[in-house]
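My notes are below, in the order I made them.

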Amino acid sequence: MIIHVVQRGEALWQLARRYGVPFERLIAANELSDPNRLATGQAVVIPVPYRYHTVRAGETLWQIAHSYGVTVEAIVQANRIANPALIYPGTALLIPARIHTVRAGETLGQIAAAYQVSVQQIIEFNPIADPNMIVPGQRLVIPPAKPIIDVNAFTIDQGEKGAEQVREVGRHLTYAAPFAYTMRADGGLNPINDVAIIQAASAARIVPMMTITNFTYEDPGSRLAQTILADVALQTRLLDNIIQVMRAKGYRALNVDFENVYPSDRERYNAFLRRAAARLHAEGYLLSTSLAPKVSAEQKGLLYEAHDYPAHGRIADFVVLMTYEWGYRFGPPQAISPVNQIRRVLDYAVTAIPREKIMMGFQIYAHDWVLPHVQGQEAETFSPQEAVERAIRYGASIQYDPVAASPFYRYTDEQGRRHEVWFEDARSALAKFELVKEYRLRGISYWVLGYPYPENWVLLEDNFRVRKRG
């Protein structure tokens, strides 16, 4: 699968002809509401059985070939490489499709299992009318090899609305986490309407993950956290209530999202997590924590100081790095989750937490700021899909910041006001997926479902196999 950036005047039918992909398949892969209208600069996913790999520093051709399940010779031939021992960082290499010649007695299911892909993926790239009718000698295009990862997604919508969001992308998820039970100062929990979400998760072999937090939109939660963390009896009552809910509703994992914890409560927070881990593990449950995006152990600030990366790495089964909101909706316009900033967080995180425990956060929404920005003025939040449609509606050309690996554009509305929009597209999703591969992380955690972003899910499936623990 590759990404095409639309040039001025290009039409979708031209892309279909250029890449030899059915017009309807392009529409479906990108979920285009009007295939006759594209924005200049729009990133379109092209579903083809080959892809490009950008060489990283220190990589060898053998390592690249091994990661995609192809031979060195196939890459050398496809790219006309004169000296296989000499490749340069930044070079874009075409990774050719794998070819399998059907042997007597083989079934499509056996072939798919051997290459660790799905039958449906093989069908998509081959003219197969009947999956039960393949013949010896038939040559089949096999999609590229993919690493296996865990994928979590939070949802803030409760009841049937949240359940439908989980069903829509369920095949891509390992965990689903309704957000959130807020704790009370007496160790109790404020309930949420999560039964339908848990049922939808279980039906799709997704692990339902309960989330508890100390903050609300009105209260940062610092004093509440201090009250709980200062009293072991309150912690015991809180953990009793958590486990009671998990047993009753069928949760199998817990995410602890304590934010704005006073720095003086850092060790007490660690002690609470140790108690939580002991109680949860005795029940067969997993423990995860959400962590502010730190770039060093000494980083100052209420968001960061009480989040002890090494301690969480030892205690929790996995952690969620909240690597987003640099472009905060109340702050000035900028990329929401810039890759250069995420990389700084990961550079520190992998020195303090085992890589196999790290879930990289990925926000899937857009922000639209009115210009000039006034401090404290809130940006509008909507989906990446709406961001593209808005660019088309106002005739804006989408630009791309290569440092942040993030698309953006400006437009003027009907009242004559200027706007700046930062969002996510196929390019920014792929850039984040490459970080997961490069740092060999456990996986990805999405914040938050409910914002349509079709390119993300099709590229996620193209780049990874999602582990199912349900």
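Predicted model: local features only at pLDDT ≥ 70, side-chain atom pairs only at ≥ 80, totals over all residues.

**Entry 1**

For residues 2-46 the end C-alpha atoms are 5 Å apart, with 36% helix and 18% strand. Residues 98-142 also have their end C-alpha atoms 5 Å apart, and here I get 31% helix and 18% strand. For residues 145-470 the end C-alpha atoms lie 23 Å apart, and the span is 36% helix and 23% strand.

**Entry 2: nonpolar cores**

Which residues touch the most other members of the largest nonpolar core? I find Tyr309, Leu321, Phe433, Ile444, Tyr446 and Leu460, out of 51 residues in that core. Helix α13 (residues 339-352) gives the largest share of this core, seven residues. There is also a second, separate core of 34 residues, and Ile198, Leu229, Leu273 and Ala276 are among them.

I picked Leu321 to look at up close. Leaving out residues up to four places away in sequence, Leu321 touches Leu291, Tyr309, Val345, Leu346, Ala349, Ile358, Met359, Met360 and Gly361. As background, nonpolar side chains tend to be buried together in soluble globular proteins.

**Entry 3: helix α7**

Next I went through α7 (residues 159-169). Buried here are Gly159, Gly162, Ala163, Gln165, Val166 and Val169. Looking down the axis of α7, I see its buried residues fall within an arc of 155°, so they line one face of the helix. Lys161 and Glu168 are exposed, on the face of α7 turned away from the buried side.

What covers the buried residues of α7? My list includes β7 (148-155), β8 (175-178), α8 (195-203) and α16 (454-463).

An α-helix has 3.6 residues a turn, so residues three or four places apart point the same way. Glu164 counts as partly exposed because its relative accessibility is 35%, and Arg167 is partly exposed too, at 40%.

I count 29 salt bridges in the model. I followed up two that join separate elements.

Glu283 and Arg247 meet through their side chains at 2.5 Å, N to O. This pair links distant parts of the chain, 36 residues apart: Glu283 is in the loop between α11 (266-282) and β13 (286-291), and Arg247 is in helix α10 (residues 232-249). Glu283 is partly exposed at 32% relative accessibility, whereas Arg247 is exposed, with a relative accessible area of 54%.

Arg266 forms a salt bridge with Asp308, and their closest N and O atoms are 3.3 Å apart. Since Arg266 sits in helix α11 and Asp308 in the loop between β13 and α12 (309-315), the pair ties together parts 42 residues apart in sequence. Is Asp308 buried or exposed? Asp308 is buried, because its relative accessible area of 8% is under the 20% cut-off. Arg266 counts as partly exposed at 23%.

I also found one network in which salt bridges share partners, joining Asp368, Glu380, Glu386, Arg390 and Arg393.

Last stop, strand β19 (residues 406-412). Five of its seven residues are buried, so β19 is largely enclosed by the rest of the structure.

Strand β18 (residues 399-401) runs antiparallel to β19, and three bridges join the two. Asp401 stands opposite Ser406 in β19. These strands form a hairpin with four residues between them, and in the turn I find Ala405 with a positive phi of about 55°.

β19 pairs with strand β20 (residues 418-422) as well, in the antiparallel sense, over five bridges. Arg410 has Glu420 in β20 as its bridge partner. The hairpin of β19 and β20 has five residues between the strands, and there Gly416 takes a positive phi near 80°.

How values were computed. Residues numbered from 1 in each chain as written. Heavy atoms only, no water. Core = buried A, V, L, I, M, F, W, Y, C linked by side-chain atoms within 4.5 Å. Buried < 20%, exposed > 50% of the residue type's maximum accessible area, 1.4 Å probe, protein only. Contact = heavy atoms within 4.5 Å. Arc of directions from axis to C-beta. Salt bridge = Lys/Arg side-chain N within 4 Å of Asp/Glu carboxyl O. Pairing = 2+ DSSP bridges.
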